[in-house]
Amino acid sequence: MTYDHVELNFNDMKNVPEAFKGTKKGTIYLTPYRVIFLSKGRDAMQSFMMPFYLMKDCEIKQPVFGANYIKGTVKAEAGGGWEGSASYKLTFTAGGAIEFGQRMLQMASQEFYPGPPMMDGAIGYVQPPPPPYPGPMEPPVSGPDVPSTPAAEAKAAEAAASAYYNPGNPHNVYMPTNQPPPPPYYPPEDKKTQ
């Protein structure tokens with residue numbers, strides 16, 4: 001989920017870094033693990049990431065005058081370029097705060113990983129998210145260490161004659177066109193509609 005025209009403000013920080021001062025304008029993204037804010041223009045803070053397990057006290061606010069917003073507290077992540085915690089406010093100037101906030105709270109409350117719950121009141125994960133995706137695995141290579149039997153070779157030949165896919169593009173399956181169509185389906189007499 002993504003929304004443009006979002007403003008990000010921080011307060012309640014000790015030793016406020018220069019990049020955290022002022023109102024940041026940009027785009028917000030919701031992923032299964034975190035909220036990501038990308039600044040527009042030449043702001044000192046180009047992006048800011050808030051993993052769910054470091055967020056707490058999130059609220060969706062609907063003021064009588066002004067745009068709806070989401071507020072809460074986020075802790076600094078080790079090596080993130082700042083320390084401690086900060087209160088944040090995400091103002092949705094073109095709308096979307098309610099939908100974004102509800103979806104964010106729904107995703108953050110799902111338990112993706114087993115383990116004991118966190119005791120600091122944080123919403124979201126009971127453990128930090130998994131390591132980054134390592135990339136696609138190499139397809140198995142047949143060679144001298146892979147046994148070959150006549151039955152296995154016959155099954156491979158049968159599969160190759162009926163359909164195949166390219167491991168480089170696994171979303172497409174190639175099937176021969178000279179196959180007969182499947183038999184028609186006739187519902188039982190008692191299931192037919194008038």
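**Close-ups of a predicted model**

**View 1. A lysine sits over a tyrosine ring.** Lys89 lies over the face of Tyr69, with 4.4 Å to the ring centre. Keep in mind, here and in the views below, that this is a predicted model.

**View 2. Seven strands line up in an open sheet.** Reading across, the 7 strands come in the order E4-E3-E2-E1-E7-E6-E5, and their pairing is antiparallel. Which strands sit at the edges? They are E4 and E5 (55–61), each of which pairs on one side only. Going from one strand to the next, the twist averages 30 degrees.

**View 3. Here we zoom in on E1 and E7.** These two strands pair in the antiparallel sense, over 6 bridges. One spot to look for is Glu7, whose bridge partner in E7 is Thr91. In general, strands of a sheet pair through backbone hydrogen bonds, and they can do so parallel or antiparallel.

**View 4. Helix H1 packs on the sheet.** What does H1 touch? Its contacts are with E1, E2 (24–30), E3 (34–39), E5, E6 and E7. As for direction, H1 makes about 150 degrees with E5.

**View 5. Tyr3 and Phe100 meet edge-to-face.** The structure holds 8 aromatic pairs, and this is one of them: Tyr3 and Phe100 are 6.1 Å apart centre to centre, with 75 degrees between the planes. Tyr3 belongs to strand E1 (residues 2–11) and Phe100 to helix H1 (residues 97–109), so the pair ties together parts that are 97 residues apart in sequence.

**View 6. Phe48 and Trp82 form a tilted pair.** Their rings are 6.0 Å apart centre to centre, and the planes make an angle of 40 degrees. Where do the two residues come from? Phe48 lies in strand E4 (residues 47–51), and Trp82 in the loop between strand E6 (69–75) and strand E7 (85–92), so the pair ties together parts that are 34 residues apart in sequence. Phe48 and Trp82 are both buried.

**View 7. Now for a cluster of rings.** Take in the surroundings of the pair from the previous view: ring pairs link Phe48 and Trp82 with Phe10 and Phe20 into a cluster.

Notes:
Residues are numbered from 1 along each chain as its sequence is written. This is a predicted model: local features need pLDDT of at least 70, side-chain atom pairs count only at pLDDT 80 or more; totals for chains, interfaces and linings use all residues. Side-chain values use heavy atoms; hydrogens and water are left out. Rings of Phe, Tyr and Trp (its six-membered ring) pair if their centres lie within 6.5 Å; planes under 30 degrees apart count as stacked, over 60 as edge-to-face and the rest as tilted. Helices (H or I, at least four residues) and strands (E, at least two) are DSSP runs, numbered from the N terminus. Buried means under 20% relative accessible area, exposed over 50%, partly exposed in between (1.4 Å probe, protein chains only). A charge sits over a ring if NZ of Lys or CZ of Arg is within 6 Å of the ring centre and within 35 degrees of the ring normal. Two strands pair if DSSP finds at least two bridges between them. Axes are lines fitted to C-alpha atoms, for helices over the stretch in contact, and angles run from 0 to 180 degrees between N-to-C directions. Contact means heavy atoms within 4.5 Å.
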